[in-house]
Amino acid sequence: MGQSTDPIADMLTKVRNGCKARHAQVDVPSSIIKTDIARLLKDEGFIRHYKVIDDEKQGTLRIFLRYSSDGEPLITKVKRVSKPGRRAYTKRASLRPIMRGEGLIILSTSSGIMSDKECRKRNLGGEVICCVW
């Protein structure tokens with residue numbers, strides 16, 4: 001298996017597939033940006049918890065998936081928007097809630113990784129990393 005040029009897409013794919021397969025958790029190689037994405041997913045209620053496990057190398061980000069009371073995954077769709085080959089940016093003015101506010105848009109801004117709600121509050125635009133709902 002070769003190295004991917006898009007580690008964030010790999011992380012999102014593992015989370016999506018883990019939810020579909022009803023896994024309790026998924027492990028991905030850790031990075032600061034992936035940890036920030038996991039923090040937002042936890043803050044917005046899409047995952048139960050996450051933790052970084054030190055393995056003397058890069059570290060592993062363990063993401064604990066969350067399901068509804070009837071066993072349905074809370075993450076039903078994950079869409080990578082900005083890719084290494086094609087970056088996608090948005091201004092604050094064009095930032096609209098997705099799924100009637102039930103979804104989450106994760107952006108990389110000059111003030112760090114944040115949700116679309118936070119960006120609207122702070123009047124910031126940025127690079128659209130992904131959408132989750």
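This is a predicted model: local features need pLDDT of at least 70, side-chain atom pairs count only at pLDDT 80 or more; totals for chains, interfaces and linings use all residues.
Modeller: Residues are numbered from 1 along each chain as its sequence is written, and side-chain values use heavy atoms, with hydrogens and water left out.

Biologist: How far apart are the end C-alpha atoms of helix α1?

Modeller: Helices (H or I, at least four residues) and strands (E, at least two) are DSSP runs, numbered from the N terminus. Helix α1 covers residues 7-20, which is 14 residues at 1.5 Å a residue. The expected span is 1.5 Å times one less than the number of residues. That should give 20 Å, and the end C-alpha atoms agree, being apart by 20 Å.

Biologist: Which elements do the buried residues of α1 pack against?

Modeller: Buried means under 20% relative accessible area, exposed over 50%, and partly exposed in between (1.4 Å probe, protein chains only). In α1 the buried residues are Ile 8, Ala 9, Met 11, Leu 12, Val 15, Gly 18 and Cys 19. With contact meaning heavy atoms within 4.5 Å, they pack against β1 (25-29), α2 (32-43), β3 (60-65), β4 (78-80) and β8 (126-132).

Biologist: At what angle do the axes of α1 and α2 cross?

Modeller: Two packed helices are described by the angle between their axes and the distance between the axes. Axes are lines fitted to C-alpha atoms, for helices over the stretch in contact, and angles run from 0 to 180 degrees between N-to-C directions. Here Pro 7, Ile 8 and Met 11 in α1 meet Ile 33, Lys 34, Ile 37 and Ala 38 in α2. The two axes come within 10 Å and cross at roughly 35°.

Biologist: Is Thr 35 buried or exposed?

Modeller: Thr 35 sits in helix α2. Setting aside residues up to four places away in sequence, Thr 35 touches Ser 30, Tyr 50, Val 52 and Leu 61. Its relative accessible area is 18%, so Thr 35 is buried.
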